[in-house]
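Subject: Handing over the model

Dear colleague,

I am passing the structure on to you below, together with a written account of what was found in it. Please read the account alongside the coordinates.

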Amino acid sequence: MGHKKTTIKDIANVLGITPSAVSKALNNHPRISKKTKDAVLQVAKNLNYQPNHIASALRKGKTNLVGVIIPRASSNFFSSIIEKIEEILNDEGYNVIIAQSNESYKKECASIEALLFTQVDGIIASMANETVTLDYYNKVKKKGIPLILFDRGENDLNVDYVGIDDYQSSHMVIQHLAQQGCKRIAHISGNSNARIYKNRIRGYIDALEQHQLPFKKELLIESNLRQIDGKHIMKQLLELPEPPDAVYASGDYVALGALEVLKSEHIRVPEDIALVGFSNEPFSSIVTPAITSIEQHSEKIGELAAKTFLRRIAHPEEKVSLNKMILTPELIVRASSKRRSV
């Protein structure tokens, strides 16, 4: 049989006082004597009383909870952002609720609903790869809850955003590969519906033109950027009449999958095919060969996202101008793309 949850009324009945007096004692009200407070706390402990924080928050209009939605917890990029957000918000008395979409639009919508039901004070989110409809994010905006997007976010929402210059990232990668003598560069992208991947694709195509390199449709492939996608797509690229001599992947996991196939096929990296990833995951520096990657400054993104939320919550009535914080990416050159001779 299940145990009935202890209420304030139960404590009041034991002590022969009113539920209102118990409530005030639990909230350290100055008009309640120390003797009564001590008695209430002791009975509450004996009865295993658990306060209803949601009900209390509804009365106060504040829960000190912040929802953070990420596509994948397995990514060091996202986990380090969460770590920084938690560090800053915990210091300010907030607790963080983490939701993982696994790149699913449906799961992302369910997470938003759950966070709104929990009465969070704000939502900090990076959109799922599948997300094309912004209805649920607009629902957050209509409720007047601070919404800050990071890494992946859409301009149409007109909310605060923190990320890197994705267009510039592609230019940096293509310039590096062109300098290494690569002529036929493939790009494994994320879903082009997402603004960040759209910008990376645009940067890739423009940079090819700038370096007088050909753009071939068969060398641009969209994916969910998982390791398994990297394996399938690399095999697909190797079956082309003219395989690429370089692969620029929009994620280190997909680059790792591609590297596995290249090694299993005894294709030399970077001599035969150079490889560049994205996000600078910890494994990218320890695999052989180490993978060249784009550093996205995850800790800085987490810091700016958290501080933007605190700024919004501190000045709810002020019409603070929207913040679009675009950080400069950094290309970390490693063995997978650095050819000895050009």
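Predicted model: local features only at pLDDT ≥ 70, side-chain atom pairs only at ≥ 80, totals over all residues.

Residues are numbered from 1 along each chain as its sequence is written, and side-chain values use heavy atoms, with hydrogens and water left out. Helices (DSSP H or I, at least four residues) and strands (DSSP E, at least two) are numbered from the N terminus.

Helix α11, residues 252–264, has 13 residues and reaches 18 Å from its first C-alpha to its last, close to the 18 Å expected at 1.5 Å a residue, where the expected span is 1.5 Å times one less than the number of residues. Its buried residues (under 20% relative accessible area, with exposed meaning over 50% and partly exposed in between, for a 1.4 Å probe and protein chains only) include Asp 252, Val 254, Leu 259 and Leu 262. Among the elements that cover the buried residues of α11 are β6 (185–189), α10 (227–238) and β8 (246–249). After α11 comes His 266, whose phi is positive, near 60°.

The axes of α1 (residues 8–15) and α3 (residues 34–46) come within 10 Å and cross at roughly 120°, the axes being lines fitted to C-alpha atoms over the stretch in contact, with angles that run from 0 to 180 degrees between N-to-C directions. That makes α1 oblique to α3, since angles under 35 degrees count as roughly parallel, over 145 as roughly antiparallel, 65 to 115 as roughly perpendicular and the rest as oblique. Contact (heavy atoms within 4.5 Å) is made by Ile 11, Val 14 and Leu 15 of α1 and by Ala 39, Val 40, Val 43 and Ala 44 of α3.

Asp 160 lies in strand β5, residues 160–164, and counts as buried at 2% relative accessibility. Its side chain makes a polar contact of 2.7 Å with the side chain of Arg 312, a polar contact being a pair of N or O atoms within 3.5 Å of which, within protein, one must be able to donate a hydrogen and the other to accept it, and residues adjacent in sequence count only if both atoms are side-chain atoms. A polar atom of the Asp 160 side chain also lies 2.8 Å from the backbone nitrogen of Asn 323.

Gln 296, in the loop between β10 and α12 (298–314), is buried with a relative accessible area of 2%, and its side chain has a polar contact of 3.3 Å with that of Asp 151.

Kind regards
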